[in-house]
Amino acid sequence: MDLIWNKAAETMKRADIEKLQLERLQHIVKYCYENVPFYTKKLDEAGVKPEMIKTLEDIKLIPLTTKEDLRDNYPFGMLAVPQNKIVRIHASSGTTGNPTVVGYTQKDIDVWAEDMARLVYAVGANSDTVVQICFGYGLFTGALGLHYGLEKVGASVIPASSGNTEKQLKLMRDFGTNCLVSTPSYALYLAEKSKELGFSMDEYKIRLGLLGSEGTTPEMRDQIEAAWGMFVTDNYGMSEIGGPGMSGECMERNGLHINEDHFLCEIINSQTLEVLGEGEVGEMVVTTLTKEGMPLLRYRTKDITRITYEPCRCGRTTARMDKIKGRSDDMLKIRGVNVFPSQVESVLIGLDDIAPHYQLIVRREGFQDTLEVKVELLENVPLEKFSALEKIQRTVESKLQTVLGIKAKVTLAEPKSLERFQGKAKRILDLRNQ
Ligand code: DLL
């Protein structure tokens, strides 16, 4: 079956994509320069005039934009249009300081729905889909982003929002929900809770999981698929650039297709800021090519990935990014070694006796950083057998050491004792600066 929503946009020849991107880049740089005082100043200070953008390579002339720039211009300093052209406002929660705010014009909302429609249609969502959106409705972009895209392809949308897990499960059974939208960790928690409540998985019709907003290792994805008997795809985006809809997997699941007619992505070395080539791993930087409300030039995402421009077996020619490896600011530097939580996850999930719930605790002891990995035991593990527990602990420690290259202390937690999350999971507790 042909699962391409917008053939013209998704199967363009590379030369045509690049031509379109250059036209749009030239336009958006001029538009930002003329309408956002922050960019007028930033480009003037860098000695860059919009006319200097003659090729896609010239994007390097433009200074990078950071989350701090958005915070400094809180709440509406980055908008390129007057308030009466803004029809929606979202914001990212953030952990410290002001949230980052994003404003949309009607055209931005329409483009967003189109981008989302492409991604959900690519994995089979259509008018036969009954989808339950378990992302929080509100300032978070996840719920409304998926909502509009799914309505556009004709799906029946259940805006369940997040929380109240028992009720979510009831709705799924009663409404015959066949598609789930949530974070990967919540998808797993829903399955666990259903089992705990004594419902058989046969009572659910879930076949497709449009997951995102946090990473999943292939191992975690396998567990989620096995728990629900569903096909899971990964969707990526961030509130600053508009929310979900920037990229997502097709049925091949061989990278996330980028909606390149609306987003121009680069990979940089986050230390030297040098632009890297195709296939090289680094921090992704995004320029929104068509945003009216809050366009961003070369926004530093802090997300680590790489990009390929090889056409995909699915027939799309759009660039694909790898699943996010981690965030450059999530990356833990422990005794000089870079550790991504995703590496720990891929070790844990392959092991017997261990549940897919964990926490990383980093401490400074004297001048040394230490890593503790708290892992949760499965319910059938006999807790009274000390030697068996010791064996599990040693196995996990040795596997972690092989993969991470440093020693981590493993502590075993009782079944169901670690925190469960309804939104993004918080797995790292960094106590080094306390
Ligand atoms: O999480 C937007 C979104 C909603 C994407 C729903 C997909 C589905 P923020 O709350 O601003 O926006 O968080 C953005 O979350 O920079 C990544 O670090 C992380 N992230 C988002 N999607 C993925 C993913 C939304 N598929 C930040 N894999 C981003 C890994 C992801 N990390």
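Which backbone atom lies 2.7 Å from a nitrogen atom of the ligand? That would be a backbone N or O atom of Asn235.

This is a predicted model, where local features need pLDDT of at least 70, side-chain atom pairs count only at pLDDT 80 or more, and totals for chains, interfaces and linings use all residues. Residues are numbered from 1 along each chain as its sequence is written, and side-chain values use heavy atoms, with hydrogens and water left out.

View 1. Ser213 puts a polar side-chain atom 2.8 Å from a ligand oxygen. Over at Glu214, a polar backbone atom sits 3.4 Å from a nitrogen atom of the ligand. On its own the ligand has 610 Å² of accessible area (Shrake-Rupley method, 1.4 Å probe; for residues, only the protein chains shown count as cover), and the protein covers 91% of that.

**View 2. The shell around the ligand.** There are 20 residues around the ligand, and Ser213, Asp234, Asn235, Ser239 and Asp303 come nearest (near means one heavy atom of the residue within 4 Å). Strand 7 (231-238) and helix 6 (141-152) each give at least two residues to this shell, and strand 7 has the largest share, with five. Helices (H or I, at least four residues) and strands (E, at least two) are DSSP runs, numbered from the N terminus. By type, the shell splits into six nonpolar, eight polar and six charged residues; Ala, Val, Leu, Ile, Met, Phe, Trp, Tyr, Cys and Pro count as nonpolar, Asp, Glu, Lys and Arg as charged, and the others, Gly among them, as polar.

**View 3. Helix 7 and its neighbours.** Helix 7 runs over residues 165-175, and its buried residues are Thr165, Gln168, Leu169, Leu171, Met172 and Arg173. Buried means under 20% relative accessible area, exposed over 50%, partly exposed in between (1.4 Å probe, protein chains only). Those buried residues pack against strand 3 (130-133), strand 5 (179-182), helix 8 (184-196) and helix 9 (218-228), with contact meaning heavy atoms within 4.5 Å. After helix 7 comes Gly176, with a positive phi near 65°.

**View 4. The setting for the close-ups.** The protein chain has 11 helices and 21 strands. Buried residues make up 53% of its 434 residues.

Definitions and conventions
Polar contact = N/O pair within 3.5 Å; in protein donor to acceptor, adjacent residues only side chain to side chain.
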